[in-house]
Amino acid sequence: MKKIKLYTKLAFHLLNISIIVLYLYPGSIYGWLLYGDFKKQPQLTPDFIFGQILFSSNHVYAFIVLSLIGIISYFEYKIRLLFIYLFTMSIFLEVTHLLIPQRSFQYQDMLGNFLGVLIIFIIFTLTKLFKKK
């Protein structure tokens, strides 16, 4: 069991570093790998629209996976700190696009990041609440 925890923590930190690198790189690494074009951004699914608010689907998926692996890694302790970190990072990384050449700040990306973390936070909170009953 300790080995599994070690591997999930390693996966969480590697994914975390990967997301940070992808965010801070001035261009699309995935666009270059898939299309040979740093300016083209691959889109897994169409963006989500709730009312008048647009959420980037790619960002939602990335932060759902990161949050889920984070919870699996740190389930027994540091959960509150983990969620504070994830919510802060979901906003901070998009704000850094104001400073990075060839990147642009987009509300739908930031909202997608935040929504990805929020979905896992709600599921975790509800699961914890129902386990107590």
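**Core and pockets**

Modeller: Start with the largest nonpolar core: of its 17 residues, Ile-19, Phe-63, Leu-66, Ile-71 and Phe-83 touch the most other members. A nonpolar core is a set of buried Ala, Val, Leu, Ile, Met, Phe, Trp, Tyr and Cys residues joined through side-chain atoms within 4.5 Å. Buried means under 20% relative accessible area (1.4 Å probe, protein chains only). This is a predicted model: local features need pLDDT of at least 70, side-chain atom pairs count only at pLDDT 80 or more, and totals for chains, interfaces and linings use all residues. Residues are numbered from 1 along each chain as its sequence is written, and side-chain values use heavy atoms, without hydrogens and water.

Colleague: Which element gives the largest share of this core?

Modeller: α4, with 7 residues. Helices are DSSP runs (H or I, at least four residues), numbered from the N terminus.

Colleague: And what is Ile-71 in contact with, leaving aside neighbours within four places in sequence?

Modeller: Ile-79, Leu-82, Phe-83, Ile-120 and Phe-124. Contact means heavy atoms within 4.5 Å.

Colleague: New topic. What lines the second largest pocket?

Modeller: Ile-71 again, along with others including Leu-68, Phe-75, Ile-120 and Lys-131. A pocket is an open set of points on a 1 Å grid over the protein atoms alone, where a 1.4 Å probe fits, with protein on both sides within 12 Å along at least five of seven lines; lining residues have an atom within 4 Å of a point.

Colleague: Which element gives the most to that lining?

Modeller: α5, with 6 residues.

Definitions and conventions
Buried < 20%, exposed > 50% of the residue type's maximum accessible area, 1.4 Å probe, protein only. Helix = DSSP H or I, 4+ residues; strand = E, 2+ residues; numbered from the N terminus.
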